[in-house]
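Please have the sequence and the structure at hand while reading.

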Amino acid sequence: MSQPKPTPSEIGHAIRNVPDFPKPGIQFKDITPVLADARLFSGTIELLTERFKPGTVDTVVGIDARGFIFAAAAAVRLQAGFVPVRKKGKLPYRTHEQDYALEYGSATIAIHVDALRPGSRVLLIDDLLATGGTAAAAAALVHRLGANILEISFLIELSFLKGRDKLTGYPVRSLVVY
Ligand code: AMP
C-alpha cells in the first residue's frame with residue numbers, strides 16, 4: 001500500500017532551524033531532513049507541482065543552489081525542462097546577469113542567454129523566500145529572455161521579511177510559512 005501524502009505542516013515540522021548560521025542573528029532553515037526522508041521529499045515535490053498538469057509547463061527554472069534540488073525533481077514530474085539560474089561566474093556559456101540584495105549580503109545571478117524560448121511557460125522555484133531579492137532578480141532574468149512566469153513557488157516563506165512585496169504581479173505560492 002502506498003504511504004499517505006505528507007501535509008505541509010508535517011513538512012514544516014521536519015525543517016530544522018539552525019540559529020546563528022551562517023552569521024549571528026540568522027535563523028537558518030535547514031531542509032536536509034526533508035530531503036533525506038523519501039516520503040517527505042516526494043510529497044514536497046507533489047505539493048509544489050499539484051497545480052500544474054504535465055505538459056502545461058515548458059521549463060522549471062531553479063535558483064542556485066537549494067532551489068535546484070526541488071526544481072529539477074519538479075521538472076521531471078511535470079515532464080518539463082530544467083534551467084538553472086546560477087551565481088555569477090558558474091555558467092560556462094554567454095549569460096545575462098542581474099544584481100540583487102540578499103537577507104545577508106549582496107550578489108549577482110546569471111542565466112544562459114539561450115536558456116529559455118520567448119513565450120515559453122515557466123515555473124520558477126527556490127527553497128526559501130526571505131526578502132525576495134533573489135527571486136525578483138531571477139524573475140527579471142526570465143523576463144529578459146521573453147518567457148512567461150506562470151508561478152513562483154517556494155518550500156518556505158519567511159513572511160515577516162515581506163518578500164512577496166518584491167514579487168507583485170506574479171502568483172506566489174509557498175508551502176510552509178513562518
Ligand atoms: P532573499 O533574496 O532574501 O529572498 O533570500 C532568499 C535566498 O537566500 C534563498 O535562495 C535561500 O536559500 C537563502 N536564504 C535566505 N534566508 C535564509 C534562511 N533564513 N535560511 C535558509 N536560507 C536562506
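Predicted model: local features only at pLDDT ≥ 70, side-chain atom pairs only at ≥ 80, totals over all residues.

How many salt bridges does a search of the whole structure find? The search finds 10 of them.

**Salt bridges**

- As background, side chains of opposite charge can pair when their charged atoms come close.
- Arg39 and Glu10 form a salt bridge in which the closest N and O atoms are 2.1 Å apart. Arg39 belongs to helix α3 (residues 38-49) and Glu10 to helix α1 (residues 8-14), so this pair ties together parts that are 29 residues apart in sequence. Arg39 is partly exposed at 22% relative accessibility, and Glu10 is partly exposed at 30%.
- Asp127 and Arg66 meet through their side chains in a salt bridge of 2.7 Å, N to O. The two residues are 61 apart, with Asp127 in strand β7 (residues 121-129) and Arg66 in helix α4, and the pair links distant parts of the chain. Asp127 counts as buried, with 5% relative accessibility, whereas Arg66 counts as partly exposed, with 33%.
- Arg164 forms a salt bridge with Glu157, and here the closest N and O atoms are 2.9 Å apart. Arg164 is partly exposed at 35% relative accessibility; Glu157 is buried at 5%.

**Aromatic pairs and a charge over a ring**

- A pair of aromatic rings is described by the distance of the centres and the angle of the planes.
- With ring centres required to lie within 6.5 Å, the count comes to three aromatic pairs.
- Why is the pair of Phe21 and Phe28 edge-to-face? Planes over 60 degrees apart count as edge-to-face, and the planes of these two rings stand at 85 degrees, with the centres 5.2 Å apart, so the pair falls in that class.
- Phe21 is partly exposed, its relative accessible area being 46%. Phe28, at 13%, is buried.
- Phe68 and Phe82 also make an edge-to-face aromatic pair, with 5.9 Å from centre to centre and 85 degrees between the planes. Phe68 is in helix α4 (residues 66-77) and Phe82 in strand β4 (residues 81-87), so the pair ties together parts that are 14 residues apart in sequence.
- Is Phe68 buried or exposed? Phe68 has a relative accessibility of 19%, and buried means under 20%, so Phe68 counts as buried. Phe82 has a relative accessible area of 33% and is partly exposed.
- Lys29 lies over the face of Tyr178, 4.2 Å from the ring centre.

**Ala137 in helix α5**

- Helix α5 (residues 133-144) contains Ala137, which is buried with a relative accessible area of 4%.
- Which residues is Ala137 in contact with, leaving aside its neighbours within four places in sequence? These contacts are Gln98, Asp99, Tyr100 and Ile109.
- The C-alpha atoms of Ala137 and Thr108 are separated by 8.6 Å, while the two residues are 29 apart along the chain.

**Backbone geometry**

- For reference, most residues other than glycine have a negative phi, and most peptide bonds are trans.
- Phe21 and Pro22 are joined by a cis peptide bond, with omega about -5 degrees. Pro22 is placed in the loop between β1 (16-19) and β2 (27-30).
- Asp64 and Ala65 are likewise joined by a cis peptide bond, with omega about -5 degrees. Ala65 is in the loop between β3 (59-63) and α4.
- Gln79 is not a glycine, yet has a positive phi of about 55 degrees. Its place is the loop between α4 and β4, and Gln79 is exposed at 64% relative accessibility.
- Lys162, not a glycine either, has a positive phi of about 55 degrees. Lys162 sits in the loop between β8 (148-157) and β9 (172-177) and counts as exposed, with 53% relative accessibility.

Terms used: Residues numbered from 1 in each chain as written. Heavy atoms only, no water. Phe/Tyr/Trp six-rings, centres within 6.5 Å; stacked < 30°, edge-to-face > 60°. Buried < 20%, exposed > 50% of the residue type's maximum accessible area, 1.4 Å probe, protein only. Helix = DSSP H or I, 4+ residues; strand = E, 2+ residues; numbered from the N terminus. Lys NZ or Arg CZ within 6 Å of the ring centre and 35° of its normal. Contact = heavy atoms within 4.5 Å. Salt bridge = Lys/Arg side-chain N within 4 Å of Asp/Glu carboxyl O.
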